[in-house]
Amino acid sequence: MSDGSWSAQVFEGHRARLRAVAYRMLGSLSEADDAVQETWLRADRAGADGVENLAGWLTTILGRVCLNLLRARDRRREEPLESRPADPVAGDAPVEEAVLADSVGVALLVVLDRLAPAERLAFVLHDLFAVPFDELAPLLDRSPAAVRQLASRARRRVRGDGPPPEGDPVRRRRAVEAFLAATRGGDFDALVGLLHPDVVLHADRFVVPTPEPITARGAGTVARGAMAATGRARFTGLALLDGSVGLVMAPHGRPALVLAFTFAADGLITGIEVVADRERLAALEIAPLED
């Protein structure tokens, strides 16, 4: 294309797709918007004279921006455990980001966040946005075959290699979906209907946080506790936790806590374990559920 046809208006026609790519790469809507804006600035400085595939060219620029951000994130030292906020979504969570995370899949964002930067880029751009390996190779300074291996390794991690779900996975999935929907909607009666009368909830001391773990017993008590967590539910989605269906809360694609469930023979929820301990979260095999 010629310089005369390159403008902010032309870039705007590609913004939605670039934003979708960046969000899956970075897991944060604000970082994705920053990456797209940086892509525009770089593209505008370079000019598009002679560019035949504008979408591919912009995606390549965006890929470099996101790769730099991911590598910087990896180099950053983890914040001390004591400085972590008790509830990363307290207050008014951005509704748009919550909706976007739900549409992409919270569990997928968690798995992507656990990939190395090069694996994440190879998987997102190739598997999710159909960018050929030979176009990704220069971006990662590797051969197309090596990039293919990166994407393959990432694909295996996304699919998960934990044990198969136990019991009746369809009924359990529906129960957990209903639990999440009732929590988000503040439907107390629906929550009570999903819980065994003698249900027991255990939450580790990092969930609130409190000096000691918390235990709650009875359908009414547990349902009221869930009602108090409506804000958290906005960034929560279904996932396989070590092969069993559960819930993961992951603002910006980083797991903050998980809920693991046990069930009675009739499908009612008999137990809920809420885990926010970082070491335990890191040891969990988290994978998206297949549709």
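**Figure 1. The whole chain at a glance.** The protein has an accessible surface of about 14600 Å², and 52% of this area belongs to carbon and sulfur atoms (Shrake-Rupley method, 1.4 Å probe; for residues, only the protein chains shown count as cover). This is a predicted model, in which local features need pLDDT of at least 70 and side-chain atom pairs count only at pLDDT 80 or more, while totals for chains, interfaces and linings use all residues. Residues are numbered from 1 along each chain as its sequence is written, and side-chain values use heavy atoms, with hydrogens and water left out. The protein holds 13 helices and seven strands (DSSP runs numbered from the N terminus: helices are H or I with at least four residues, strands are E with at least two). Of its 291 residues, 44% count as buried (buried means under 20% relative accessible area, exposed over 50%, partly exposed in between; 1.4 Å probe, protein chains only). Among contacts with a separation of 6 or more, 67% link residues 24 or more positions apart (contact means heavy atoms within 4.5 Å).

**Figure 2. Strand S6 and its two partners.** S6 (residues 269–275) pairs with S1 (residues 195–203) in the parallel sense, over five bridges. Within this pairing, look for Val 200 with its bridge partner Gly 271, and for Ala 203 with Val 274. S5 (residues 257–263) runs antiparallel to S6 and is joined to it by six bridges; here Ala 260 has Glu 273 as its bridge partner. The hairpin of S5 and S6 has five residues between the strands, and Gly 267 takes a positive phi near 95 degrees there. S6 is mostly covered, with five of its seven residues buried.

**Figure 3. Helix H11 and its cover.** In H11 (residues 219–227), the buried residues are Ala 219, Val 222, Ala 223 and Ala 226. Down the helix axis they fall within an arc of 100 degrees, so they line one face of H11 (the arc is that of the directions from the helix axis to the C-beta atoms). The cover over these residues includes H9 (169–185), H10 (188–194), H12 (230–233) and the strands S1, S2 and S6.

Figure 4. Phe 133, Leu 136, Ala 137, Leu 139 and Leu 140 are buried in H7 (residues 133–140). Their arc spans 170 degrees seen down the axis, so these residues, too, line one face of the helix. Helices that cover them include H3 (54–75), H6 (117–128) and H8 (144–159). Turned away from the buried side, the other face carries the exposed residues Asp 134 and Pro 138. Just after H7 comes Asp 141, with a positive phi of about 55 degrees.

**Figure 5. Helices H1 and H4 crossing.** The axes of H1 (residues 8–26) and H4 (residues 95–104) come within 12 Å and cross at roughly 80 degrees (axes are lines fitted to C-alpha atoms, for helices over the stretch in contact, and angles run from 0 to 180 degrees between N-to-C directions). The contact is made by Arg 19, Tyr 23 and Arg 24 of H1 with Glu 96, Glu 97, Leu 100, Ala 101 and Val 104 of H4.

Terms used. Two strands pair if DSSP finds at least two bridges between them.
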